[in-house]
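Please look at the sequence and the structure first.

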Amino acid sequence: MMPRNEHAIRVGAAVLRNGHRHSPRALLSWQIGFPLVLSGYLPSTPEAQALRARVNRGATYEDLAAVHVPDLTGWPTTA
């Protein structure tokens with residue numbers, strides 16, 4: 001049985017592997033979203049659209065990582 005997000009994994013891997021063939025905004029979106037997709041999460045259409053809107057408005061990786069990238073290591077964080 002294929003996971004629901006298999007297509008997203010394939011597309012994301014292709015974009016990241018061939019970043020020079022894609023726009024900087026598409027590459028940035030996948031750099032932020034791919035860890036989530038690999039963890040099994042599949043964003044809803046409104047969530048994906050909200051991320052894309054922030055990228056289109058000029059958000060940087062650092063801006064987006066603070067909001068969209070969870071700690072997937074499972075290691076305790078220090079405050």
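Buried means under 20% relative accessible area, exposed means over 50%, and partly exposed lies in between, with a 1.4 Å probe and protein chains only. The model is predicted, so local features need pLDDT of at least 70 and side-chain atom pairs count only at pLDDT 80 or more, while totals for chains, interfaces and linings use all residues. Residues are numbered from 1 along each chain as its sequence is written, and side-chain values use heavy atoms, without hydrogens and water.

Helices are DSSP runs of H or I with at least four residues, numbered from the N terminus, and strands are runs of E with at least two. Helix H2 covers residues 24–38 and contains serine 29.

| Residue | Relative accessible area |
|---|---|
| Serine 29 | 13% |
| Tryptophan 30 | 19% |
| Phenylalanine 34 | 13% |

Contact means heavy atoms within 4.5 Å. Apart from neighbours within four places in sequence, serine 29 touches Leu51, Arg52 and Val55 in this sense.

**An aromatic pair**

Rings of Phe, Tyr and Trp (its six-membered ring) pair if their centres lie within 6.5 Å; planes under 30 degrees apart are stacked, over 60 edge-to-face, and the rest tilted. One aromatic pair is counted by this rule. In it, the ring centres of tryptophan 30 and phenylalanine 34 are 6.3 Å apart and the planes stand at 70°, so the pair is edge-to-face. About one helical turn separates tryptophan 30 from phenylalanine 34, because they are four residues apart in helix H2.

**Nonpolar cores**

A nonpolar core is a set of buried Ala, Val, Leu, Ile, Met, Phe, Trp, Tyr and Cys residues joined through side-chain atoms within 4.5 Å. The largest one consists of six residues: Leu28, Ile32, Leu51, Val55, Ala59 and Leu64. H2 and H3 are the elements that give two or more residues to this core. A second, separate core has five residues, among them Ala8, Val15, Trp30 and Val37.

**Lining of the largest pocket**

H2 provides the largest share of the lining of the largest pocket, seven residues.
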